[in-house]
Amino acid sequence: MQDMKKIIERINILKTELDAVILAHNYQRPEVQDIADFTGDSLGLSQQVVNSDADVIVFCGVDFMAESAAILSPEKIVLLPEKDAGCPMAEMVDVISLDDEKKKHPDAAVVCYVNSSALIKAQSDICCTSANAIDVVNSLEEDEVIFVPDKNLGNYVAGFTDKMIYSWDGFCPTHHQMRGHDVIKAKEEHPDALFLAHPECRTEVLDLADEVLSTTGMLNYAKKSDAKEFIIGTENGLLHRLSKENPEKKLYYVSEFTICTNMKITTLESVLDALENMQYVITVPEDTRLKAKEALDRMLAVKR
Ligand code: 13P
Ligand code: SF4
């Protein structure tokens, strides 16, 4: 293994030479987050893509995120350092099944969580992220909504709208394995802590939450809150930034098992390889890209 300092130096040299920007999701390995120009949630990262004038975007996250970047900014070269970094939840909905569901509910709008493929986005009316899902759904004229692919997020949103929500049967394995009894145990161990949960968690977990927030929502909340202790109900990688930004606060995860292995595949070495070899370039066929972009643009126009 090359010396970490040398790898970081080389990454910084190549970044300047190539006019590249490194974006990292809040679940990435600590050392990858630390070399990124911007670390954020799915919504924040999409906004960065749109606002960046860099030639190259190195997307340290999973494939649907890099795909969204390629959809929004086709003039930029989008690199996903690890081509196998996928999202199992995004695989849980396919074009044919969604088409069948649309036929069953012809008056429903299709809202698609960004954790989905470009093809599914292209088949949807509007996208959403965990940060804006309620606002997105309530911005629609339709009274019925097919919500794909996350049933937990869909069911959560259903509690904040008068619309009929038909939730798909997908889920995030990382968040879905957290159970109510895990939270109750953590609360017993840390009775003064507030519990912040991500809306990809099961309803039984969300029912125990003091706040339900996206990853960046949790970061903002923890910083502003007077509370001194937090139990964090999301992928454990978030604790890196949370503890950096709140050194005086005590942070606990619900379970040591709340790890997204796909988010951890990317290493500093993969980032360096990405820049040295311009790999792996993510592109989307133009007809799909244009339709998917409409759904993403429509989402970005909804106020957070
Ligand atoms: P956010 O960071 O947008 O809350 O998303 C969580 C997630 O699971 C991304 O894969
Ligand atoms: Fe997909 Fe869940 Fe991993 Fe996010 S945390 S990338 S939703 S598997």
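Predicted model: local features only at pLDDT ≥ 70, side-chain atom pairs only at ≥ 80, totals over all residues.
Reader: Let's start with the cysteines. Which residues does the UniProt annotation "binding site" cover besides C87?

Author: According to the unreviewed UniProt entry, that annotation takes in C172 and C260 along with C87. Although they span 174 residues in sequence, no two of their C-alpha atoms are more than 9.2 Å apart, so they gather at one spot.

Reader: What makes C87 buried?

Author: Burial takes 20 or more other C-beta atoms within 10 Å. C87 has 23, so it counts as buried. C87 is in the loop between β4 (77–79) and α5 (95–104). Its contacts, setting aside residues up to four places away in sequence, are V62, D63, F64, N115 and N262.

Reader: And how do you know that C172 is buried?

Author: By the cut-off of 20. C172 has 25 other C-beta atoms within 10 Å, so it is buried. C172 also sits in a loop, the one between β8 (164–167) and α9 (173–176). Beyond its neighbours within four places in sequence, C172 contacts M89, D150 and E200.

Reader: Which residues are closest to ligand 2?

Author: The closest are V62, C87, C172, T174 and C260, out of 14 that surround ligand 2. The largest share, three residues, comes from α9. By class, the shell around ligand 2 has eight nonpolar, four polar and two charged residues.

Reader: How does the shell around ligand 1 divide by class?

Author: Into four nonpolar, eight polar and two charged residues. Ligand 1 is surrounded by 14 residues, and the closest are D41, S42, S130, S214 and T215. UniProt's unreviewed entry has a "binding site" list that includes S42, S130 and T215.

Reader: Y113 and P199 are in that UniProt list too. Why is Y113 called buried?

Author: Y113 has 31, so it counts as buried. Y113 is part of strand β5 (residues 109–113). It touches C128, V148, P149, D150 and L153, not counting residues up to four places away in sequence.

Reader: P149 came up as a contact of Y113. What kind of peptide bond joins V148 and P149?

Author: A cis one, with omega about -15°. P149 is in the loop between β7 (144–148) and α8 (151–158). The bond from Q279 to Y280 is cis as well, with omega near -10°. Y280 belongs to the loop between α15 (268–277) and α16 (286–300).

Reader: Why flag those bonds at all?

Author: Because most peptide bonds are trans, and most residues other than glycine have a negative phi.

Reader: Which value of phi does D19 have?

Author: Near 55°, which is positive in a residue other than glycine. M278 also has a positive phi, about 50°, and is not a glycine.

Reader: How do you know that D19 is exposed, and what is M278?

Author: A residue with 12 or fewer such neighbours is exposed. D19 has 12 inside 10 Å, so it counts as exposed. M278 has 13 other C-beta atoms within 10 Å, so it is partly exposed. D19 lies in the loop between α1 (4–18) and β1 (20–25), and M278 in the loop between α15 and α16.

Reader: One on strands. What makes β11 and β12 a pair?

Author: At least two bridges are needed. Four join β11 (residues 229–233) to β12 (residues 250–253), and the strands run parallel. E229, for example, has K250 as its bridge partner in β12. The chain gets from β11 to β12 through helix α13 (residues 238–245), in a right-handed β-α-β crossover.

Reader: Last one: why is V205 called buried?

Author: V205 has 25 other C-beta atoms within 10 Å, and the cut-off is 20. It sits in helix α11 (residues 203–206). Among its contacts beyond four places in sequence are M178, V183 and G233.

Technical notes
Residues numbered from 1 in each chain as written. Chains lettered and ligands numbered in written order. UniProt positions renumbered as here; feature names shortened; annotations may be inferred. Helix = DSSP H or I, 4+ residues; strand = E, 2+ residues; numbered from the N terminus. Contact = placed C-beta atoms within 7 Å. Near = placed C-beta within 6 Å. Nonpolar A, V, L, I, M, F, W, Y, C, P; charged D, E, K, R; others polar. Right-handed = clockwise from strand over helix to strand, strands pointing away.
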